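Hi,

Here's the structure I said I'd pass along.

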Amino acid sequence: MFRFFLILFIPLTLFSSQIKNFRWSDGDTYLTFLEKLHLPSKALFYNLDADDQKLTEEIRSGVNCQILESPKKEIQQILIPINDDLQIHIAKNKNDLAFEVIPIIHETKKESFTIVIESSPYNDIIRVTKSKKLAKIFVAAFKNSLNFKNVHKGDKLVMVYDRMYRLGQPFSMPTLNVCMMQIGDKAHYVYRFKEDQYFDEKGAELEVFLLAAPVRNARISSVFTMMRWHPILHKFRAHLGVDYGARPGTPILAAGNGTVSFCGVTNGYGNLTKVSHVGGYVTLYAHQKAYARGIHKGSVVKQGQVIGYVGTSGLSTGPHLHFGLYKDGRAINPQSVVRVAASNLAGKEKKAFDRMRASLNKIVNQELKKASLPKTFVQLDPVCHADVNGKPKESAQKSNNTSDDDSDD
Ligand SMILES: [Zn+2]
């Protein structure tokens with residue numbers, strides 16, 4: 001019971017007390033963060049179990065975190081999101097700080113806007129919404145079907161999407177439902193249908209990310225879970241990847257064409273390689289025995305190329321490959337993405353798609369009629385300041401100020 005009180009209590013506490021928002025710096029690890037704040041690494045890291053220690057490596061740079069301080073500047077609570085559902089909660093318990101993983105309370109809102117082009121879809125979306133994420137999603141959705149060079153001043157775009165909010169601020173990546181780009185008289189649409197798949201008006205798939213199994217003939221020993229309550233440990237857990245059990249030394253194959261973005265040792269994941277792919281996808285290969293010869297940061301790899309060997313380095317109980325897949329920084333289930341070719345929707349699926357398309361088109365048409373302005377969020381300074389004439393400064397005009405929680409650029 002106490003736990004549920006606690007979960008409800010946190011947001012209230014944060015709103016009514018002194019909270020500091022901070023962004024997780026690029027290159028900061030959980031351990032360097034503890035060190036900077038003079039927090040006990042033994043209690044808050046080394047004494048944790050292996051799963052909790054590994055979760056600390058999932059913190060994304062740029063994510064919005066909170067610190068609650070007492071009037072004497074003592075740290076009372078720290079909240080660090082790990083993914084869309086879970087966050088690390090460090091909290092004062094009598095005199096000590098304790099670590100736990102708790103759910104994130106967020107709400108999802110349906111939002112939409114219309115923009116009349118002044119310079120380019122990307123720049124205009126940022127100018128009006130202050131969100132680089134929305135701009136990126138829009139451009140990525142059309143990248144296979146539209147040449148943005150044909151877009152001119154006065155053309156219109158509409159975007160309909162879901163956005164999560166955490167503690168009143170936009171959180172994580174928005175999910176696109178439909179976007180429309182009107183070039184001259186012609187309207188071009190992209191719809192998201194099924195898990196993260198994009199289709200045009202006719203139900204033809206626009207983007208395919210080819211993923212091959214990273215280990216041959218291996219059995220899956222642990223599947224992907226975003227958040228689950230462990231009934232015996234009484235803890236929230238997440239397993240942000242798929243585990244393939246295999247003999248030590250079994251070759252690990254690149255799941256897709258890409259560029260190695262990380263190759264090195266980490267505490268939890270041991271010998272780790274990350275590969276960046278087109279479309280904002282990243283694959284992660286953990287607990288390796290060794291990297292393949294010639295593999296280093298910046299290496300260009302082909303699908304199926306050997307990039308390393310199965311091992312049990314880092315916090316691992318036996319030889320296996322922990323294989324992770326991320327889209328725009330979010331962990332997604334690798335098993336949901338393995339496809340072999342672009343598909344054209346047919347039969348029942350096509351009917352369901354057409355129904356969804358009709359209802360989304362209605363929203364787009366309403367949008368075009370009212371040409372509503374998008375909701376913008378501006379990070380306001382905690383202190384109210386005025387210039388010498390007593391006029392409040394317009395912090396909303398800062399051009400480099402975006403509302404996104406992650407600086408994923
Ligand atoms: Zn794993």
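Start with aspartate 51 and arginine 237: they form a salt bridge, with the closest N and O atoms 3.4 Å apart. Aspartate 51 sits in helix 4 and arginine 237 in strand 13 (residues 235-239), so the pair ties together parts that are 186 residues apart in sequence. Keep in mind that this is a predicted model. Arginine 237 is buried, at 5% relative accessible area, whereas aspartate 51 is partly exposed at 38%.

That pair belongs to a network of salt bridges linking Asp49, Asp51, Asp52, Lys235 and Arg237. Aspartate 49 is in the loop between helix 3 (41-46) and helix 4 (50-55), and is partly exposed at 26% relative accessibility. Beyond its neighbours within four places in sequence, aspartate 49 touches Lys235 and Arg237. Its side chain makes a polar contact with the side chain of lysine 235, at 3.0 Å.

The model has 14 salt bridges in total. Two others worth a look:

- Glutamate 69 pairs with lysine 20, with the closest N and O atoms at 3.3 Å. Glutamate 69 is buried at 13% relative accessibility, while lysine 20 is partly exposed at 44%.
- Arginine 163 forms a salt bridge with glutamate 111, at 3.4 Å between the closest N and O atoms. Both arginine 163 and glutamate 111 are buried.

Cheers

Terms used: Residues numbered from 1 in each chain as written. Predicted model: local features only at pLDDT ≥ 70, side-chain atom pairs only at ≥ 80, totals over all residues. Heavy atoms only, no water. Helix = DSSP H or I, 4+ residues; strand = E, 2+ residues; numbered from the N terminus. Buried < 20%, exposed > 50% of the residue type's maximum accessible area, 1.4 Å probe, protein only. Contact = heavy atoms within 4.5 Å. Polar contact = N/O pair within 3.5 Å; in protein donor to acceptor, adjacent residues only side chain to side chain. Salt bridge = Lys/Arg side-chain N within 4 Å of Asp/Glu carboxyl O.
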